[in-house]
Amino acid sequence: MYLCLCRGITESEVREAGRAGCVMPCQLESKFGLKQNGNCGRCVKNIREFVAIAVQGAHPVQ
Ligand code: FES
């Protein structure tokens, strides 16, 4: 599932980043290039939530 349509970032990429320790909002925005080069940034909230879930080792509620 895509979490970011502007950058084509998938749920699995976001989970992997969270497990690798990329958890701070500024780290995520930098890593994935959110809010840069005209990207809308609407996905930031969802990406943060999926990272938090990945760090906790839980699964998102669908
Ligand atoms: S949907 Fe992620 S930057 Fe636009």
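## Met24 and the basis of the model

Met24 is found in the loop that joins α1 to α2, where helices (H or I, at least four residues) and strands (E, at least two) are DSSP runs numbered from the N terminus. Met24 and Ile53 are 29 residues apart in sequence, and their C-alpha atoms are 13 Å apart in space.

The model is predicted, so that local features need pLDDT of at least 70 and side-chain atom pairs count only at pLDDT 80 or more, whereas totals for chains, interfaces and linings use all residues. Residues are numbered from 1 along each chain as its sequence is written, and side-chain values use heavy atoms, with hydrogens and water left out.

## Helix α3

Helix α3 covers residues 44–56; it has 13 residues and reaches 18 Å from its first C-alpha to its last, close to the 18 Å expected at 1.5 Å a residue, the expected span being 1.5 Å times one less than the number of residues. The buried residues of α3 are Val44, Ile47, Phe50, Val51, Ile53 and Ala54. The buried residues of α3 pack against β1 (2–4), α1 and α2 (25–32), with contact meaning heavy atoms within 4.5 Å.

Ala52, which also lies in helix α3, is partly exposed, with a relative accessible area of 34%. The C-alpha atoms of Ala52 and Val14 are separated by 9.9 Å, although the two residues are 38 residues apart along the chain. Just after α3, Gly57 takes a positive phi of about 80°.

## Packing of α1 on α3

Helix α1 (residues 11–19) packs on helix α3 at an angle of about 55°, with the two axes 8 Å apart; the axes are lines fitted to C-alpha atoms, for helices over the stretch in contact, and angles run from 0 to 180 degrees between N-to-C directions. This angle makes α1 oblique to α3, given that angles under 35 degrees count as roughly parallel, over 145 as roughly antiparallel, 65 to 115 as roughly perpendicular and the rest as oblique. The crossing of α1 and α3 is right-handed, a term for the near helix being turned clockwise from the far one by less than a right angle, anticlockwise being left-handed. On the α1 side the contact is made by Glu11, Val14, Arg15, Gly18 and Arg19, and on the α3 side by Ile47, Phe50, Val51, Ile53, Ala54 and Val55. These residues divide into 7 nonpolar, 1 polar and 3 charged, where Ala, Val, Leu, Ile, Met, Phe, Trp, Tyr, Cys and Pro count as nonpolar, Asp, Glu, Lys and Arg as charged, and the others, Gly among them, as polar.

Glu11, which lies in helix α1, counts as buried at 14% relative accessibility. Glu11 and Asn46 are 35 residues apart in sequence, while their C-alpha atoms are 9.7 Å apart in space.

## Packing of α2 on α3

The angle between α2 and α3 is about 110°, and their axes are 11 Å apart, which makes α2 roughly perpendicular to α3. Here too the handedness can be stated: α2 passes α3 in a right-handed crossing. Pro25, Leu28 and Glu29 of α2 make the contact with Val44, Ile47, Arg48 and Val51 of α3, and the residues involved divide into 5 nonpolar, no polar and 2 charged.

Lys35 is placed in the loop between α2 and α3, and its phi is near 65°, a positive value in a residue other than glycine. At 52% relative accessibility, Lys35 counts as exposed.

Tyr2 belongs to strand β1 and is exposed, with a relative accessible area of 53%. Leaving aside residues up to four places away in sequence, Tyr2 touches Gly8, Ile9 and Thr10. The C-alpha atoms of Tyr2 and Glu13, which are 11 residues apart along the chain, are separated by 9.5 Å.

Conventions. Buried < 20%, exposed > 50% of the residue type's maximum accessible area, 1.4 Å probe, protein only.
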